[in-house]
Amino acid sequence: MKENDVVLRTVTKIVVFILLTFGFYLFLAGHNNPGGGFIGGLIFSSAFLLMFLAFDVKQVLVSLPIDFRILMIIGSLVSFTMAIIPMFFGKPFLYQAEAYVTLPILGEVHLTTITVFEAGIVLAVVGVVVTVMLSISGGRS
(Lines give C-alpha, C1' and ligand atoms only; values in the text may rest on other atoms or scores of the structure.)
Protein backbone atom coordinates (compact mmCIF):
# COMPACT_ATOMS: atom_id res chain seq x y z
CA MET A 1 0.00 0.00 0.00
CA LYS A 2 1.31 3.44 -0.88
CA GLU A 3 2.03 5.96 1.82
CA ASN A 4 -0.23 8.63 0.26
CA ASP A 5 -3.59 6.87 0.22
CA VAL A 6 -5.28 9.75 2.01
CA VAL A 7 -8.52 9.48 0.05
CA LEU A 8 -8.87 5.74 0.70
CA ARG A 9 -8.17 6.12 4.40
CA THR A 10 -10.55 9.06 4.78
CA VAL A 11 -13.36 7.35 2.88
CA THR A 12 -12.76 4.13 4.82
CA LYS A 13 -13.39 5.87 8.14
CA ILE A 14 -16.82 6.98 6.89
CA VAL A 15 -17.75 3.81 5.01
CA VAL A 16 -16.82 1.51 7.92
CA PHE A 17 -19.26 3.38 10.14
CA ILE A 18 -21.96 3.06 7.47
CA LEU A 19 -21.25 -0.66 6.98
CA LEU A 20 -21.36 -1.39 10.71
CA THR A 21 -24.62 0.52 11.08
CA PHE A 22 -26.19 -1.21 8.07
CA GLY A 23 -24.97 -4.61 9.29
CA PHE A 24 -26.53 -4.00 12.71
CA TYR A 25 -29.79 -2.96 11.04
CA LEU A 26 -29.83 -6.09 8.88
CA PHE A 27 -29.11 -8.23 11.92
CA LEU A 28 -32.04 -6.77 13.85
CA ALA A 29 -34.41 -6.61 10.88
CA GLY A 30 -33.76 -10.25 9.97
CA HIS A 31 -36.36 -11.53 12.41
CA ASN A 32 -39.29 -10.01 10.53
CA ASN A 33 -37.77 -8.86 7.22
CA PRO A 34 -35.04 -10.01 4.83
CA GLY A 35 -31.68 -10.07 6.56
CA GLY A 36 -30.49 -11.81 9.67
CA GLY A 37 -27.33 -13.11 11.22
CA PHE A 38 -25.60 -14.41 8.12
CA ILE A 39 -26.09 -11.30 6.00
CA GLY A 40 -25.32 -9.03 8.95
CA GLY A 41 -22.14 -11.01 9.58
CA LEU A 42 -21.05 -10.62 5.97
CA ILE A 43 -21.59 -6.85 6.16
CA PHE A 44 -19.62 -6.66 9.44
CA SER A 45 -16.85 -8.73 7.83
CA SER A 46 -16.69 -6.39 4.85
CA ALA A 47 -16.16 -3.47 7.25
CA PHE A 48 -13.20 -5.26 8.86
CA LEU A 49 -11.77 -6.24 5.48
CA LEU A 50 -12.04 -2.65 4.25
CA MET A 51 -10.08 -1.52 7.31
CA PHE A 52 -7.42 -4.15 6.53
CA LEU A 53 -7.17 -2.85 2.95
CA ALA A 54 -6.96 0.83 3.85
CA PHE A 55 -4.65 0.55 6.85
CA ASP A 56 -1.83 -1.77 7.77
CA VAL A 57 -3.14 -5.20 8.83
CA LYS A 58 -0.88 -5.31 11.89
CA GLN A 59 -1.97 -1.81 12.93
CA VAL A 60 -5.65 -2.75 12.69
CA LEU A 61 -5.12 -6.01 14.60
CA VAL A 62 -3.29 -4.15 17.38
CA SER A 63 -6.07 -1.54 17.63
CA LEU A 64 -8.81 -4.22 17.63
CA PRO A 65 -8.35 -6.56 20.60
CA ILE A 66 -10.27 -9.32 18.80
CA ASP A 67 -9.05 -12.83 18.09
CA PHE A 68 -11.26 -13.78 15.17
CA ARG A 69 -10.65 -17.52 15.66
CA ILE A 70 -12.01 -17.31 19.20
CA LEU A 71 -14.89 -15.15 17.93
CA MET A 72 -15.77 -17.91 15.47
CA ILE A 73 -15.80 -20.53 18.25
CA ILE A 74 -17.86 -18.37 20.62
CA GLY A 75 -20.42 -17.67 17.90
CA SER A 76 -20.76 -21.35 17.06
CA LEU A 77 -21.18 -22.28 20.71
CA VAL A 78 -23.81 -19.57 21.29
CA SER A 79 -25.85 -20.68 18.27
CA PHE A 80 -25.55 -24.37 19.12
CA THR A 81 -26.49 -23.75 22.75
CA MET A 82 -29.55 -21.70 21.82
CA ALA A 83 -30.60 -24.44 19.39
CA ILE A 84 -30.44 -27.33 21.88
CA ILE A 85 -31.60 -25.67 25.13
CA PRO A 86 -35.31 -26.08 24.24
CA MET A 87 -34.80 -29.86 23.98
CA PHE A 88 -34.08 -29.98 27.74
CA PHE A 89 -37.55 -28.52 28.35
CA GLY A 90 -39.41 -30.94 26.10
CA LYS A 91 -39.58 -28.59 23.12
CA PRO A 92 -38.32 -29.30 19.59
CA PHE A 93 -34.83 -28.41 18.35
CA LEU A 94 -34.57 -24.65 17.55
CA TYR A 95 -37.80 -23.84 19.38
CA GLN A 96 -38.36 -20.08 19.69
CA ALA A 97 -39.58 -18.45 22.89
CA GLU A 98 -40.74 -14.85 22.87
CA ALA A 99 -41.78 -12.16 25.31
CA TYR A 100 -42.87 -8.54 25.32
CA VAL A 101 -40.97 -6.40 27.83
CA THR A 102 -41.63 -2.76 28.68
CA LEU A 103 -38.42 -0.76 29.00
CA PRO A 104 -38.22 2.82 30.40
CA ILE A 105 -37.01 4.63 27.28
CA LEU A 106 -37.83 2.20 24.47
CA GLY A 107 -41.34 1.28 25.57
CA GLU A 108 -42.61 -2.20 24.67
CA VAL A 109 -39.90 -4.36 23.12
CA HIS A 110 -40.39 -7.77 21.49
CA LEU A 111 -37.66 -10.17 22.65
CA THR A 112 -37.07 -13.62 21.19
CA THR A 113 -34.51 -16.36 21.69
CA ILE A 114 -33.88 -16.40 17.95
CA THR A 115 -32.13 -13.03 18.32
CA VAL A 116 -29.48 -14.64 20.53
CA PHE A 117 -29.16 -17.49 18.03
CA GLU A 118 -28.69 -14.96 15.20
CA ALA A 119 -26.10 -13.08 17.27
CA GLY A 120 -24.12 -16.30 17.45
CA ILE A 121 -24.40 -16.63 13.68
CA VAL A 122 -23.07 -13.07 13.27
CA LEU A 123 -20.06 -13.82 15.46
CA ALA A 124 -19.34 -17.10 13.68
CA VAL A 125 -19.59 -15.58 10.19
CA VAL A 126 -17.38 -12.61 11.09
CA GLY A 127 -14.84 -14.95 12.66
CA VAL A 128 -14.75 -17.32 9.70
CA VAL A 129 -14.64 -14.71 6.94
CA VAL A 130 -11.97 -12.54 8.56
CA THR A 131 -9.87 -15.56 9.55
CA VAL A 132 -10.00 -16.95 6.02
CA MET A 133 -9.12 -13.60 4.46
CA LEU A 134 -6.23 -13.05 6.89
CA SER A 135 -4.96 -16.57 6.20
CA ILE A 136 -5.11 -16.02 2.43
CA SER A 137 -3.34 -12.68 2.70
CA GLY A 138 -0.60 -14.11 4.90
CA GLY A 139 -1.50 -12.00 7.92
CA ARG A 140 -2.03 -13.23 11.46
CA SER A 141 -5.49 -14.71 11.84
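How many aromatic pairs does the structure hold? I counted two. I note at the outset that this is a predicted model.

**Entry: Phe24 and Phe27**

I looked up Phe24 with Phe27 and found a tilted pair. Their ring centres are 6.4 Å apart, and the planes make an angle of 40°. I then checked where the two residues sit. Both belong to helix α1, which covers residues 6-29. They are three residues apart there, so about one helical turn separates them.

Next I looked up accessibility for each ring residue. Phe24 is partly exposed, at a relative accessible area of 45%. Phe27 has 12% relative accessibility and counts as buried, because the cut-off for buried is under 20%.

**Entry: Phe48 and Phe68**

I moved on to Phe48 and Phe68, which form an edge-to-face pair. I read 5.4 Å from centre to centre and 70° between the planes. Which helices hold these two residues? Phe48 lies in helix α2, residues 37-54. Phe68 lies in helix α4, residues 68-84. The pair therefore ties together parts that are 20 residues apart in sequence.

Are Phe48 and Phe68 buried or exposed? Phe48 counts as buried, with 12% relative accessibility. Phe68 is buried as well, at 1%.

**Entry: Lys91 and Tyr95**

Last, I looked for a charge over a ring. I found the charged end of Lys91 over the ring of Tyr95. The distance from that charged end to the ring centre is 5.2 Å.

Notes: Residues are numbered from 1 along each chain as its sequence is written. This is a predicted model: local features need pLDDT of at least 70, side-chain atom pairs count only at pLDDT 80 or more; totals for chains, interfaces and linings use all residues. Side-chain values use heavy atoms; hydrogens and water are left out. Rings of Phe, Tyr and Trp (its six-membered ring) pair if their centres lie within 6.5 Å; planes under 30 degrees apart count as stacked, over 60 as edge-to-face and the rest as tilted. Helices (H or I, at least four residues) and strands (E, at least two) are DSSP runs, numbered from the N terminus. Buried means under 20% relative accessible area, exposed over 50%, partly exposed in between (1.4 Å probe, protein chains only). A charge sits over a ring if NZ of Lys or CZ of Arg is within 6 Å of the ring centre and within 35 degrees of the ring normal.
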